[in-house]
Amino acid sequence: VLPGFINMHGHSHDERAGAPMPIEYVFKLWLACGITTVRDVSSEFSKTSASRQASAEGRQVAPRLIIYPYFGRPATPDLARERVRQLKQQGAD
């Protein structure tokens, strides 16, 4: 018995190759494959955060979303630390 698979590099998205694809479809597809947790890397942060919140409130079916937004390329260590603080304040994992 497995508790569920963890996708360590997923992207939640609402389109594929320019064609609309509901995010709910992506989440249900992951769940149907046994994926119960997704480490979401560099997807559109605001949409993924909203989906995570909707799932927590029972308004959307989704795997557990661990959000790693795009970090960028800070020019200095101080700017990198500031970026980490900023992302954490926004709700990033």
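## The helix across the sheet

Helix α1 lies across β1, β4 and β5, running at about 130 degrees to β4. Some terms first: helices (H or I, at least four residues) and strands (E, at least two) are DSSP runs, numbered from the N terminus. Axes are lines fitted to C-alpha atoms, for helices over the stretch in contact, and angles run from 0 to 180 degrees between N-to-C directions. Contact means heavy atoms within 4.5 Å.

Keep in mind that this is a predicted model, where local features need pLDDT of at least 70, side-chain atom pairs count only at pLDDT 80 or more, and totals for chains, interfaces and linings use all residues. Residues are numbered from 1 along each chain as its sequence is written, and side-chain values use heavy atoms, with hydrogens and water left out.

## The whole chain

Let's zoom out. The protein chain has 3 helices and 5 strands, and from the N terminus on they come in the order β-β-β-α-β-α-β-α. Its C-alpha atoms fill a box of roughly 45 × 35 × 25 Å, taken along the principal axes.

How much of the chain is buried? Buried residues make up 29% of the 93 residues, where buried means under 20% relative accessible area, exposed over 50%, and partly exposed in between (1.4 Å probe, protein chains only). Now look at contacts with a separation of 6 or more: residues 24 or more positions apart account for 67% of them.

## The sheet

What is the strand order in the open sheet? The sheet has 3 strands in the order β1-β4-β5, with parallel pairing; two strands pair if DSSP finds at least two bridges between them. β1 and β5 stand at the edges with a single partner strand each, so one side of each has no neighbour in the sheet. From one strand to the next, the twist averages 15 degrees. Helix α2 packs on the sheet too, touching β4 and β5, and its direction makes about 155 degrees with that of β5.

Strand β4 (residues 35-41) is mostly covered, with 5 of its 7 residues buried. It is joined to β1 by 4 bridges, and isoleucine 6 stands opposite threonine 37 in β4. Another 5 bridges join β4 to β5 (residues 64-68), and there the bridge partner of arginine 39 is isoleucine 66 in β5. Together, β4, helix α2 (residues 45-56) and β5 make a right-handed β-α-β unit. A crossover is right-handed if, with the strands pointing away from the viewer, the path from the first strand over the helix to the second runs clockwise.

## Rings and a charge

A pair of aromatic rings is described by the distance of the centres and the angle of the planes. Here, rings of Phe, Tyr and Trp (its six-membered ring) pair if their centres lie within 6.5 Å; planes under 30 degrees apart count as stacked, over 60 as edge-to-face and the rest as tilted. By this rule the count is 1 aromatic pair. Phenylalanine 27 and tryptophan 30 form that pair, which is tilted, at 6.0 Å centre to centre and 40 degrees between the planes. Because they are 3 residues apart in helix α1 (residues 23-32), phenylalanine 27 and tryptophan 30 are separated by about one helical turn. Both phenylalanine 27 and tryptophan 30 are buried.

Back to arginine 39: its charged end sits over the ring of tyrosine 68, 4.3 Å from the centre. A charge sits over a ring if NZ of Lys or CZ of Arg is within 6 Å of the ring centre and within 35 degrees of the ring normal.

## Single residues to look up

Is asparagine 7 buried or exposed? Asparagine 7, in strand β1, counts as buried because its relative accessibility is 19%. Leaving aside its neighbours within four places in sequence, asparagine 7 is in contact with Trp30, Ile35, Thr37, Val38 and Arg39. Leucine 2 is found in the segment before β1 (5-10) and is exposed, with a relative accessible area of 60%. Leucine 2 and glycine 34 are 32 residues apart in sequence and 8.9 Å apart in space, C-alpha to C-alpha.

Serine 42 is found in the loop between β4 and α2, and at 37% relative accessibility it counts as partly exposed.
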